[in-house]
Amino acid sequence: MSSVKEMDSGKPAAVDTAVSESGKNESARKIEEFLEEVNEQIRYKPMRAAIDEELKGHIEDKTELYKEYGLEEEEAVARAVRDMGDAVEIGIQMNDAHHTRIYWPLMGMALALMVLGVAGNIRYFWNGTLDIWFLNDVIAENLYFPAGVVALLVVLRWGYPFVIRYVNKICVCYLVFCGFVFLIRFSSGFLYDILKGTVFAGRLLSLSVYFGVLILAAPVLAVFLYRQRHKGVRGILYAGLFTGTLLLTQVFRMYGDYLSMAVFALLATFFAVLLYMAFRGYMDMPVKKTVGVSAAVFLALLLLGGIFRPDNSAIELFLTPERHAGDLWEDGYNGVLIKELLGRAKPAGRADISQEDLYAYGTGKWYFSEGGPGRWEGIQTLEEMEAYLNQFYQEDTVTLENILPQHYQNNYRIAYWILKYGWLPAILLMGAMAVFGALLLGVSFHIRNRLGCLVAFAGSICLIIQYLFYFLGNFGYQFGWFGTLPFVSEGKTGILVNAVLLGLVLSAYRYDLVMEERMHV
Amino acid sequence: MDKKLMAVGTSMLLLKLLEEKDMYGYEMIRELEKRSNQVFALKEGTLYPILHSLEEQEAVESYEKAAQSGRRRKYYHMTAKGKKLLDAKAQEWNAYREAVQTVMGGARFVLC
């Protein structure tokens with residue numbers, strides 16, 4: 001073996017292997033100084049430890065080599081550090097490779113969609129005068145949009161590191177919360193009645209909060225699944241058990257079938273994340289086996305969640321809305337009416353519907369009168385209903401807005417655009433939302449970090465599913481409880497939940513270049 | 001040589017090494033020196049920003065593994081994207097080399 005002096009001057013070196021304690025300290029100090037100088041250039045501090053370790057490992061390897069050539073510890077370290085080059089330059093270049101970032105196209109589109117939503121609300125409440133009533137309604141209904149922006153920014157900044165750091169605690173909180181809600185509702189007398197009366201618990205037990213809880217479980221589930229990837233079938237079963245526990249309230253239909261869409265979104269995430277992990281080779285078992293076991297657990301969970309229950313009203317309403325169209329207030333009638341109205345929409349411009357027809361649609365005469373396709377099952381007679389509606393409009397004063405389903409500005413925003421502005425403008429807006437969905441998936445798959453990619457993927461799936469079901473509902477195929485059109489339609493929990501989902505997608509992207517795999521496991 | 005050009009050239013060489021097997025940084029430096037008869041003796045620390053940039057570009061992936069000595073090392077693995085990048089860089093390099101050869105060959109002809 002050649003010695004270091006041979007490398008430098010071609011002459012053999014004198015070897016002294018005795019290393020003093022002070023020499024060791026001096027060597028350690030030299031390495032620390034070098035690493036410190038590198039670190040000073042790296043802005044994202046949590047990244048420093050991983051870089052330190054890699055550079056330190058290199059210096060130690062090189063030191064060993066010099067020692068093999070016969071140098072003493074102190075000299076060997078000094079040379080190894082010198083060979084590394086300029087610490088500041090290395091630090092600057094490392095910082096360039098590891099910086100937090102924001103995906104502006106997605107952020108910009110979300111904000112643009114929110115502006116569209118707020119504009120729609122302002123139009124809805126506009127009564128021709130800028131009075132206190134108008135301002136009151138506009139502020140009350142739009143309050144959650146700025147709150148959503150704040151939630152988005154907070155989650156963007158801290159969300160992803162928080163989720164991966166505290167995922168076990170979050171899972172425990174999920175189980176405790178869902179168990180609590182299940183027990184309270186299961187007791188369905190004493191405890192439920194007491195708590196229902198209180199503002200806090202009443203809200204906590206509400207449909208919309210549980211909807212949010214289920215949807216937000218999806219990114220948490222993605223982290224859970226990733227951490228089970230080395231456990232084979234057992235890991236998938238654990239994840240299935242965790243998910244099944246969240247669905248306990250569904251097993252007993254404590255929220256009816258209203259949450260079917262949220263259940264579907266959660267379970268679709270479960271399956272999609274497992275498929276993705278299988279095909280990317282993250283799982284410690286063959287792809288076919290992973291797909292088979294995942295599909296079996298997915299189907300079992302769908303059964304557990306009541307999606308395939310023969311009398312699931314969400315499925316019935318989705319497939320055969322006319323069976324649930326007994327009066328003007330039923331969701332089934334909304335679907336039937338919307339389908340009928342969309343048939344009269346024009347490619348561009350307001351649907352051409354006469355006053356007479358508008359009145360017939362509004363009062364349900366077109367559907368429920370003798371010879372019509374529907375059968376009236378309301379408590380009042382059709383005539384009594386007409387008399388009631390006459391308080392609000394007559395045949396000569398009725399407008400499109402009068403006859404649309406209640407809360408159309410939330411639940412039928414797309415259908416309203418089609419009827420008011422025509423198919424083309426509405427398709428353009430739906431196209432913009434499709435681009436938003438494509439950007440969500442695009443940014444998710446662009447994240448190089450495996451876990452970051454999965455968290456973003458899970459969030460994206462939940463947002464895209466909400467868009468899809470909202471679109472379907474607006475074409476007369478409503479599935480379960482009406483969710484929101486993410487970032488556009490008015491809502492409270494809906495706006496916040498979707499802001500958190502998008503925040504997590506953007507947060508995973510933000511930290512992609514500064515978080516190492518080891519920080520995730 | 002211009003630093004940027006050197007970084008581009010070095011990243012091509014690193015990808016070439018990783019095409020054969022997964023390696024850690026120090027191993028790559030040693031291999032580069034050995035294969036180039038000490039011509040490519042870089043300032044060793046500059047290797048890591050290049051590797052991390054390649055990772056940012058998804059041309060390589062990294063994972064940790066304990067070596068025989070027990071020390072944990074960060075290994076780099078070339079991805080399919082990295083293979084494409086290597087092919088593109090190799091093509092660029094060949095075009096550059098041919099151009100240089102043409103010019104130098106022409107100059108020698110004149111001198112002779």
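Among contacts in chain B between residues at least 6 apart in sequence, what percentage join residues at least 24 apart? The share is 47%, where two residues are in contact if their C-beta atoms, placed from the backbone, lie within 7 Å. The model is predicted, with local features needing pLDDT of at least 70, side-chain atom pairs counting only at pLDDT 80 or more, and totals for chains, interfaces and linings using all residues. Residues are numbered from 1 along each chain as its sequence is written, while chains are lettered from A and ligands numbered from 1 in the order in which they are written.

Chain B contains four helices and three strands, following the pattern α-β-α-α-β-β-α along the sequence; helices (H or I, at least four residues) and strands (E, at least two) are DSSP runs, numbered from the N terminus. Of its 112 residues, 29% are buried, that is, with 20 or more other C-beta atoms within 10 Å of their own, the C-beta atoms being placed from the backbone.

Turning to the meeting of the two chains, 18 residues of chain A are in contact with 17 residues of chain B. On the chain A side, helix 3 (48-68), helix 4 (73-84) and helix 5 (87-97) each give two or more residues, and helix 3 gives the most, with six residues. This side of chain A divides into six nonpolar, five polar and seven charged residues; Ala, Val, Leu, Ile, Met, Phe, Trp, Tyr, Cys and Pro count as nonpolar, Asp, Glu, Lys and Arg as charged, and the others, Gly among them, as polar.

How values were computed:
Buried ≥ 20, exposed ≤ 12 C-beta atoms within 10 Å, placed from the backbone.
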